[in-house]
Amino acid sequence: MTKKLIPLKHVAMASSDPDKSRDFFVNIMGWSVAGVVASRNANGYYVTDGNINLAILNFKNGPAAGKEFPQGYVGLHHIGFQCDDIEAMVDGFKEEGYQPRHDVNLAQGLGKNPAKDNAEYKMNGPEDVMVDISERGWVGTQTYKTL
């Protein structure tokens with residue numbers, strides 16, 4: 001049986017200077033700003049090439065970033081995949097031994113809620129890389145589902 005391809009649609013990086021990182025992607029790479037992040041957990045931007053959404057985030061607190069990321073960490077933070085059925089995706093992760101990131105989901109107020117903007121549910125992935133799964137997708141991508 002062939003599994004359905006689940007596309008990579010989102011990458012997030014922790015940044016000490018989101019403005020400078022945004023300018024790099026916009027001015028050098030030709031990407032566009034798809035949104036501004038201004039939450040209790042992080043400040044930054046969503047930039048996109050139309051296919052991938054890149055979150056450039058300056059985390060405000062450790063629990064929202066995740067316990068494996070020390071204060072001041074910069075670099076790759078997590079990757080995100082868009083699926084058709086978030087419940088089935090969570091079940092598939094669990095069946096393979098990858099568990100939800102309840103710590104980060106709780107700290108960020110996330111859950112399996114496809115009506116939320118950039119609906120996300122964070123899971124552990126291989127090598128303990130944090131993985132977002134989303135039915136709705138991410139702003140600025142061709143497959144983003146507006147309500």
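Colleague: Which helix holds Asp19 and Arg22, and how many residues apart are they?

Modeller: Both belong to helix α1, which covers residues 18-28. They sit three residues apart, about one turn of the helix. Please note that this is a predicted model.

Colleague: What do the side chains of Asp19 and Arg22 form?

Modeller: They meet in a salt bridge, with an N to O distance of 3.6 Å. In general, side chains of opposite charge can pair when their charged atoms come close.

Colleague: Which other residue does Arg22 meet in a salt bridge?

Modeller: The side chain of Arg22 also meets that of Asp23, at 2.9 Å from N to O.

Colleague: Changing topic, how many salt bridges does the structure hold?

Modeller: There are seven salt bridges in the structure. One of them joins the side chains of Asp84 and Lys4, at 2.4 Å from N to O.

Colleague: Where in the chain do Asp84 and Lys4 lie?

Modeller: They come from distant parts of the chain, 80 residues apart. Asp84 is in the loop between β5 (75-82) and α3 (86-95), while Lys4 is in the segment before β1 (8-14).

Colleague: Are Asp84 and Lys4 buried or exposed?

Modeller: Asp84 and Lys4 are both exposed.

Colleague: Finally, which residues are linked in a network of salt bridges?

Modeller: That network links Lys67, Glu68, Arg101 and Asp103.

How values were computed. Residues are numbered from 1 along each chain as its sequence is written. This is a predicted model: local features need pLDDT of at least 70, side-chain atom pairs count only at pLDDT 80 or more; totals for chains, interfaces and linings use all residues. Side-chain values use heavy atoms; hydrogens and water are left out. A salt bridge is a side-chain nitrogen of Lys or Arg within 4 Å of a carboxyl oxygen of Asp or Glu. Helices (H or I, at least four residues) and strands (E, at least two) are DSSP runs, numbered from the N terminus. Buried means under 20% relative accessible area, exposed over 50%, partly exposed in between (1.4 Å probe, protein chains only).
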